[in-house]
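The tour below goes stop by stop, with something to select at each one.

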Amino acid sequence: MLAMIPTYAEPTPPAESPYSERIEEYVRSLGKRLGLAETRAGRERLEAGYGKFVAWTYPEASFEDLCLCAEWLFVTFILDDLHTLKVYDNPDAWDPVHRRLMGIINTGKDPAPARERTPFTEALTDLSIRTGKRLSPTLRGRLNRHLDLFFQGFTEESRNRFRGTPPGIESFTQTRRLSVGMEFGFDLVELSQGAEVPESVYESALFREIIDAASDVVAWQNDLHSVRLDDIRGDFHNVVIVMQHSSGISLQEAIRSAVAKVRGRIADFLAAEEQLPPFLKSRGVPPATRDEILKVTAGMRQWTNGCLHWYGNTTRYALPTASDESDQQHAHLEAMLPSQDLAYRHSYG
């Protein structure tokens, strides 16, 4: 499957950070501090190569900035797993967790009582404080908003699962842009490069098309790579499965259609990226800032190709063995947020 997934022609091969081995050890150490090494499933998660992931997606970052990027990506991978647990897979149950997470991210303080704090929430608090010191107030505010949208994507997916039927392709596309989390992932490209896209440019229709197209490419590449796993799990939040359901076609036909959709969004991205230099010049953006912005969009292509390269080197999307085929595949994460029992009672009475 990996060989048939379309991607950008450049950069090929994707660049790799000189800190690749060092950041891998850093992330494993973080995972151990959070308690993931205490169970077999958690230890297997730590073998997925999350440090290698950021080495391919943020290759230009200093080691200090690479640590920030790695921690954010690792935290959000954990939360992506966590929200699919039955105790949280309901909008009413996820909402208090969402509020708590954003309280920590926005203020650098955990609003929960001391007895409900864990190594995970303490690590998120520390990460939020260090990130705030590194970024301008504008970029920090944008990153925080995008993390909020990422968590909102989890809520939308839970609502769809509660209804029990896949959404239509348009509704799915909007929700998938949230749950793939690429807006904050691309914010970290700016952090890693020491650059910042001016808000007047970032909010323009042209740059929004670049962000949306790049997000769709990453999301649908991921869906193509993980379609067998999602199919086994019964998770229909996958562009292949949504098209199979909506069009009444076979899985193989849906895969071919998804490949074509990825190619189309790559073309959309490249066309918009080509329009960017004259657009920036017409807006009176200074030459040095124009160069930084173009470097950021090149970083989006690097991120995408680096992520695709990681898929061929990670165990994260391996098909489960018979012993893993339960509704609680990520049960090793249950202690991450100790208020889960309260959330369960709130949701299910």
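## Stop 1: the cysteines

A search of the whole structure turns up zero disulfides, a disulfide being a pair of cysteine sulfur atoms within 2.5 Å. Before going on, note that this is a predicted model, in which local features need pLDDT of at least 70, side-chain atom pairs count only at pLDDT 80 or more, and totals for chains, interfaces and linings use all residues. Residues are numbered from 1 along each chain as its sequence is written, and side-chain values use heavy atoms, with hydrogens and water left out.

Select Cys67 and Cys69. The closest cysteine sulfur to that of Cys67 is in Cys69, 9.4 Å away, which is too far for a bond. Cys67 counts as buried because its relative accessibility is 6%. Buried means under 20% relative accessible area, exposed means over 50%, and partly exposed lies in between (1.4 Å probe, protein chains only).

Cys307 is in no disulfide either. Its nearest cysteine sulfur is that of Cys69, 14 Å away. Cys307 has 5% relative accessibility, so it counts as buried.

## Stop 2: the whole chain

Zoom out and switch to cartoon. The protein chain has 15 helices and zero strands. These elements are DSSP runs numbered from the N terminus: helices are H or I with at least four residues, strands E with at least two.

Show the C-alpha trace. Along its principal axes the trace spans about 60 × 50 × 35 Å. The radius of gyration of the protein chain is 20 Å, which agrees with the value near 20 Å for a compact globule of 349 residues. That radius is taken over C-alpha atoms, and the globule rule is 2.2 Å times the number of residues to the power 0.38.

The protein chain exposes about 15000 Å², with carbon and sulfur atoms supplying 51% of it. Areas come from the Shrake-Rupley method with a 1.4 Å probe; for residues, only the protein chains shown count as cover. Of the 349 residues, 54% are buried.

Next, contacts, meaning heavy atoms within 4.5 Å. Among contacts in the protein chain with a separation of 6 or more, 78% are between residues 24 or more positions apart.

Colour by charge. The 39 positive and 49 negative charges have mean positions 2 Å apart. Lys and Arg count as positive, Asp and Glu as negative; His and the chain ends are not counted. Each charge is placed at NZ of Lys, CZ of Arg, CG of Asp or CD of Glu.

## Stop 3: two cis prolines

Go to the segment before α1 (20-33), where Pro11 sits. Which peptide bond here is cis, with omega near 0 degrees? The one from Glu10 to Pro11. Step along to Pro13, which also lies in the segment before α1. A cis peptide bond joins Thr12 and Pro13, with omega about -10 degrees. For background, most peptide bonds are trans.

## Stop 4: helix α11

Select residues 205-233, helix α11, and pick out Asp216. Asp216 has a relative accessibility of 2%, so it counts as buried. Beyond residues up to four places away in sequence, Asp216 touches Thr173, Arg177 and Arg265.

Move to Gln221, also in helix α11. Gln221 is buried, with a relative accessible area of 2%. What does Gln221 contact, leaving aside neighbours within four places in sequence? Show Ile5, Pro6, Thr7, Val262, Thr304, Leu308 and Tyr311. Then draw a distance to Arg22: 28 Å, C-alpha to C-alpha, across 199 residues of sequence.

## Stop 5: helix α13

Select residues 251-282, helix α13, and centre on Leu270. Leu270 is partly exposed, with a relative accessible area of 38%. Apart from neighbours within four places in sequence, Leu270 is in contact with Tyr8 and Arg301. Ala213 is 57 residues from Leu270 in sequence and 9.2 Å away in space, C-alpha to C-alpha.

## Stop 6: two loops

Find Asn90 in the loop between α4 (63-82) and α5. Asn90 is buried, at 9% relative accessible area.

Finish at Arg117, in the loop between α5 (91-107) and α6 (119-134). Is Arg117 buried or partly exposed? Arg117 counts as partly exposed, at 39% relative accessibility. The C-alpha atoms of Arg117 and Gly153 are separated by 25 Å and are 36 residues apart along the chain.
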